[in-house]
Amino acid sequence: MTEWEYKIVDLSSDGLFSNSDEPTEADLNELGGRGWELAASLTGSSRSLGGRPKSETSALVFKRPKE
């Protein structure tokens, strides 16, 4: 049975990506080259100025087989 390890990247504070909090294709390709596969995105919500809920991705979850 395959065992997995996980990496959670908090987009608001992790600083994992090159120039900003937003990942680029190059950033994702680098993680993929190290064996990480995007497994999920975690979405939270906040209230906008008008009081309406606003959804935004707050973190990315990656997985890869344990070695």
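How many bridges join β2 to β3, and do the two strands run parallel or antiparallel? 10 bridges join them, and the strands run antiparallel. The notes below place that pairing in the rest of the chain.

1. **Basis.** This is a predicted model, where local features need pLDDT of at least 70, side-chain atom pairs count only at pLDDT 80 or more, and totals for chains, interfaces and linings use all residues. Residues are numbered from 1 along each chain as its sequence is written, and side-chain values use heavy atoms, with hydrogens and water left out.

2. **Elements.** The protein has one helix and three strands. Along the sequence they follow the pattern β-α-β-β. Helices (H or I, at least four residues) and strands (E, at least two) are DSSP runs, numbered from the N terminus.

3. **Sheet.** The three strands form an open sheet in the order β1-β3-β2. Pairing is antiparallel. Two strands pair if DSSP finds at least two bridges between them. β1 (4–10) and β2 (37–47) stand at the edges, each with a single partner strand, so one side of each lacks a neighbour in the sheet. From one strand to the next, the twist averages 25°. For such angles, axes are lines fitted to C-alpha atoms (for helices, over the stretch in contact), and values run from 0 to 180 degrees between N-to-C directions.

4. Seven bridges join β1 to β3, which covers residues 53–65. These two strands run antiparallel. W4 stands opposite P65 in β3.

5. **K63 and W4.** The charged end of K63 sits over the ring of W4, 4.1 Å from its centre. The test asks for NZ of Lys or CZ of Arg within 6 Å of the ring centre and within 35 degrees of the ring normal.

6. **Aromatic pairs.** A search of the whole structure finds zero. Rings of Phe, Tyr and Trp (its six-membered ring) pair if their centres lie within 6.5 Å; planes under 30 degrees apart count as stacked, over 60 as edge-to-face and the rest as tilted.

7. **F62.** This residue is found in strand β3. F62 counts as buried because its relative accessibility is 3%. Buried means under 20% relative accessible area, exposed over 50%, and partly exposed in between (1.4 Å probe, protein chains only). Leaving out residues up to four places away in sequence, F62 touches E5, Y6, K7, V9, L28, L31, W36, E37, L38 and A39. Contact means heavy atoms within 4.5 Å. F62 and I8 are 54 residues apart in sequence, yet 6.4 Å apart in space, C-alpha to C-alpha.

8. **V9.** Strand β1 holds V9. At 1% relative accessibility, V9 counts as buried. V9 and S58 are 49 residues apart along the chain, with 8.6 Å between their C-alpha atoms.

9. **L42.** Beyond residues up to four places away in sequence, L42 touches E56, T57, S58, A59 and V61. The C-alpha atoms of L42 and S58 are separated by 5.8 Å, at 16 residues apart along the chain.

10. **Whole chain.** Buried residues make up 15% of the 67 residues. The accessible surface comes to about 5200 Å², with 46% belonging to carbon and sulfur atoms. Areas come from the Shrake-Rupley method with a 1.4 Å probe; for residues, only the protein chains shown count as cover. Among contacts with a separation of 6 or more, residues 24 or more positions apart account for 55%.
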